[in-house]
Amino acid sequence: MNPENYVILAAVLFTIGTVGVLVRRNAIVVFMSIELMLNAANLAFVAFARMQGNLDGQVIAFFVMVVAAAEVVVGLAIIVAIYRSRRSASIDEPNLLKY
Amino acid sequence: MIGTGAARMAGEVTDVAPVIQPLAEATGVFSFLWVLIALPLAGAAILLLGGRRTNRWGPYLGVFTVTAAAVYAVVLLIGLMGRSPDDRSVGQTLFEWVFVGGFTAPVAFQLDQLSMVFVLLITIVGALIHIYSLGYMEHDPDRRKFFGFLNLFIASMLLLVLADNYLLLYVGWEGVGLASYLLIGFWQWKPSAAAAAKKAFVMNRIGDVGLSLAIMLIFVTFGTVVFDEVFAVAGEASESTLTWIGLLLLLAAAGKSAQFPLQAWLLDAMEGPTPVSALIHAATMVTAGVYLIVRSNAIYDATVFALTVVLVIGVITMFLGAIIASAKDDIKKSLAGSTMSQIGYMVLAAGLGPVGYVFAIFHLLTHGVFKANLFLGAGSVIHAMNNQQDMRRYGALRAAMMITFLSFAAATLAIMGIPPFSGFWSKDDIIHAAFEVSIVAGIAGMLAAGITGFYMTRMFTMTFLGKARWEDDQHPHESKPVMTIPLIILGIGSVFTGMALLFWGDIVGWLVPVTGLKQTPLPLPTIVYEVITLVLVLAGAAIAYVKYRKDVAVEAPQDVNFLTRAARNSMYDDAINNVLVVQPTYSVTRALVGVDNRGIDGIVNGIAAFVAGSGNRLRRWQTGFARSYALAMVGGAVLVLVVLAVVRLP
């Protein structure tokens, strides 16, 4: 199969993720969209590694997974903490940290 | 030996250059040279640090230290007279004080003929004034402090005249300035005294800047500040350098000796207690400028220009002081004007170069005695009149205060230059010397002598003769013996100092190795000049006697001519200083404050305001909505991509 298709798929997934982050209010959904963007990037890395015949991109993908896992742990913890205090998972409501 | 009149009358030409005498090691009686300064210094330290515990016996300790120093000074004089005339310079090095690179300045003393006469004047007149102060300051609660300051002054002044290098002299110079400040402001609860002290200090500071610049220039030029080493090579420097050194030293001398244009502080300095005026502002400290010029004669001899400026300053001050003295009604201020005038004589004589140095010092010595006498006499009168200083409120004090009257009379005749009183010998020598160099200076000296006759007779007549114009509660009486005995001694001094120094002490021959002497015959016999001077003096005296013998208005008349009005205002010295110096300084200050407020602060505040303002506007972007931040990030990423794409497109 042509590796370019994977790149196109990665771009589509990334775009979906971006739009999801920008338009959705639910923090969980936003979070999932971010995961989608990360995995789109992973897919692009692997595809490019394949195209270049070079393992570097695949190695980076593993790194990204580890970082994403860590980020999920911290992010979910924050979301749960906010939900407990505000009874809402909306991302627009906690907007106190401003000018 | 070189007699003053004899050689000149015989038509001989005298030309003796100063010699740099070998500095003999201080042995025998000289081994304790440092004690001379240490005694009053220890007195000052004990009195000022000892606090109230020393109140009871402190003043007597102060008198003792200075008297002991005076006795030792006489011993030193005898020791010095025992040496040969060209070997009378004794040095004592205590320790190395400053050594930086090639610059060294030891704490070392040099006792030679010039220092010796100063040491005698300072310690003997100082001791008499200390004794007098026991009576004058008897009821002052702070008199322990007073004697401490007086001791400090004596120590500083001795350091000034005994130093063997310019840097150590500077220490003494500042020390006497400090003591003068402390003593002028001794009654600091009087605002006028506090202001006068400050004024004296600030004006002296201007002169001190001249001295410090002169010392720097001397070091740069000669590589040393030690007197003998500088004078040995003084002639080798360029004339312009020497002229600058000479002018800067003159500035220093003008500040310390109240010479034009730095004369304004001396009249206000009379706010201090009268013994202070006698000791510091008449007999000793104000003559330090003359000492500086005469000590630096090797420098002045090589620069005609600086020497001429010295002469001109002396003449100007001589007249300024005399005119002021003629119009002031405050007895101390009148005496202060007279001091200015007499120091003007000395500076004039010093400005004549080798022709006059000796006579400057001669007049300085006789003046030190009779002026101290006049001030102490005035103090005695002020004491008797319940601190009244206005001569228009005196009159007919002769009967009430016979001793004061007699000693004051002796001093008055001395300062007027009536033969054979002491001022006659020294003043006529200055006038003769002035005629040798310049007829104008000579005539100026004669005229000023005439004015001296006027103002001294005026003072004397208003105070002791005529009718009593006392206030109702004044009952003048003679002062106590502790005050009159110094007056009697100084009165005798006023009569005989001149003759004693000239004939018995051979002051001219004594000083010549240090100062040199040039004498040429005058076109007319010296007696002619003496007679003309005497006639002028007597004319001045007669005018004053006729004018002030009868009624003197208790209030000063206001319908007076311009000169009198100016003289009453001290020749408008404050107004002139105000217009020429103070106001321009204020203007510059104001301009600088404006530049600082608007310029410098403007830039700093402007930058801060710009940063704060832009920060205020930028922080509106921080909405707190996570999604708008995300949008901004996406926008930024897209922008970067677009830019990259555009840049890489070709």
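**Starting from one residue**

Tutor: Apart from neighbours within four places in sequence, B:Val369 is in contact with B:Val125, B:Ser422, B:Leu490, B:Gly493, B:Ser494 and B:Thr497. Two residues are in contact if their C-beta atoms, placed from the backbone, lie within 7 Å. This is a predicted model: local features need pLDDT of at least 70, side-chain atom pairs count only at pLDDT 80 or more, and totals for chains, interfaces and linings use all residues. Residues are numbered from 1 along each chain as its sequence is written, and chains are lettered from A and ligands numbered from 1 in the order in which they are written.

Student: Where is the place of B:Val369?

Tutor: In helix α16 of chain B, residues 357-384. Helices (H or I, at least four residues) and strands (E, at least two) are DSSP runs, numbered from the N terminus.

Student: Does B:Val369 count as buried or exposed, and why?

Tutor: B:Val369 counts as buried because it has 29 C-beta neighbours inside 10 Å. A residue is buried if 20 or more other C-beta atoms lie within 10 Å of its own, exposed if 12 or fewer, and partly exposed in between; C-beta atoms are placed from the backbone.

Student: And what share of chain B is buried?

Tutor: Buried residues are 52% of the 650 residues in chain B.

Student: How many helices and strands are there in chain B?

Tutor: Chain B has 25 helices and five strands. Its C-alpha trace spans about 115 × 65 × 55 Å along the principal axes.

Student: What domains does the assignment give for chain B?

Tutor: Domain 1 is 4-12 + 23-568 and domain 2 is 579-648; the bounds come from an automatic or database domain assignment. The C-alpha centres of these two domains of chain B lie 66 Å apart.

Student: Back to helices. At what angle do α14 and α19 of chain B pack?

Tutor: At about 20°, with the axes of α14(B) (residues 304-327) and α19(B) 9 Å apart. Axes are lines fitted to C-alpha atoms, for helices over the stretch in contact, and angles run from 0 to 180 degrees between N-to-C directions. That makes α14(B) roughly parallel to α19(B); the term covers angles under 35 degrees, with over 145 roughly antiparallel, 65 to 115 roughly perpendicular and the rest oblique.

Student: Which residues of α14(B) and α19(B) meet?

Tutor: Among them are B:Leu311, B:Val315 and B:Phe319 in α14(B), and B:Ala444, B:Ile451 and B:Arg458 in α19(B). The residues of this contact of α14(B) with α19(B) divide into 13 nonpolar, two polar and one charged. Ala, Val, Leu, Ile, Met, Phe, Trp, Tyr, Cys and Pro count as nonpolar, Asp, Glu, Lys and Arg as charged, and the others, Gly among them, as polar.

Student: How do α19 and α22 of chain B cross?

Tutor: The axes of α19(B) (residues 439-464) and α22(B) (residues 526-549) come within 7 Å and cross at roughly 30°. These two helices, α19(B) and α22(B), are therefore roughly parallel to each other. Their contact has 16 nonpolar, seven polar and two charged residues.

Student: New topic: which residues does B:Gly624 touch?

Tutor: Not counting residues up to four places away in sequence, B:Gly624 touches A:Asn95, A:Leu96, A:Leu97 and A:Lys98. B:Gly624 is found in the loop between α24 (573-618) and α25 (626-648) of chain B. With 13 other C-beta atoms within 10 Å, B:Gly624 is partly exposed.
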